[in-house]
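Visitor: I would like to learn how to read a few features of a protein model. Could you take me through them slowly?

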Amino acid sequence: IFYITEKAWNYYPYTITEYTCSFLPKFSIYIETKYEDNNGSNDNIFDSDKNHMDHEVCFLDIAYDEIPDRYYKSSEDLRYFASVKTGRGPLKEGWRDEPSPVMCSYKLVTVKFEVWGLQTRVEQFVQKVIRDILLIGHRQAFAWVDEWCDLSLEDVRNFEYQMQVETNQKIGTQVLASPDP
């Protein structure tokens, strides 16, 4: 039996998420996230001068970037979606440059697969999959805004707890925490 371990540290506006696999000890995914109130204009948010790793910068356009066909849902197509509660949307070409509030989620994704002969191919594949996951997830966050924009912090904590209970029932483990602080 092998398992994936997710560790997350959240100190908004900065978060870190780390994934490891018990079966592949030389495999890990490390995602740093910073949020800023801008349209993606911060070219050096992760202070890359100090970080001597080579990295590629990708801009994800949640409205106009292509997603795999199997994940497409017309209700989540932001070119046509309009929020009833917030009045935001549909997102037109060039939407990131509009003066309305825009928050950017910057991600620095590091994938390590230290197996000779497979390292580059596996790391590139995982980067592509993560890009798709992030694109779809951020599209959904926008498209589902009417479901979450009125939630209180207590509502969010109760929802998180309910998801923990349901997930643990599916995999047959006990719930260890309650939503109460």
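Visitor: Is Phe23 buried or exposed?

Guide: This is a predicted model, in which local features need pLDDT of at least 70 and side-chain atom pairs count only at pLDDT 80 or more, while totals for chains, interfaces and linings use all residues. Residues are numbered from 1 along each chain as its sequence is written, and side-chain values use heavy atoms, with hydrogens and water left out. Buried means under 20% relative accessible area, exposed over 50%, and partly exposed in between (1.4 Å probe, protein chains only). Phe23 has a relative accessible area of 58%, so Phe23 is exposed.

Visitor: How many aromatic pairs does a search of the whole structure find?

Guide: Rings of Phe, Tyr and Trp (its six-membered ring) pair if their centres lie within 6.5 Å, and planes under 30 degrees apart count as stacked, over 60 as edge-to-face and the rest as tilted. The search finds five aromatic pairs, and one of them is the tilted pair of Phe2 and Phe23, at 5.6 Å centre to centre with 40° between the planes. For Phe81 and Phe142 the centres are 5.9 Å apart and the planes stand at 75°, so this pair is edge-to-face. Both Phe81 and Phe142 are buried.

Visitor: How many disulfides are there?

Guide: A disulfide is a covalent bond between the sulfur atoms of two cysteines. Under the rule that the two sulfur atoms lie within 2.5 Å, the count is zero. The closest cysteine sulfur to that of Cys104 is in Cys58, 13 Å away, which is too far for a bond. Cys104 is buried, at 15% relative accessibility, whereas Cys149 is partly exposed, at 29%.
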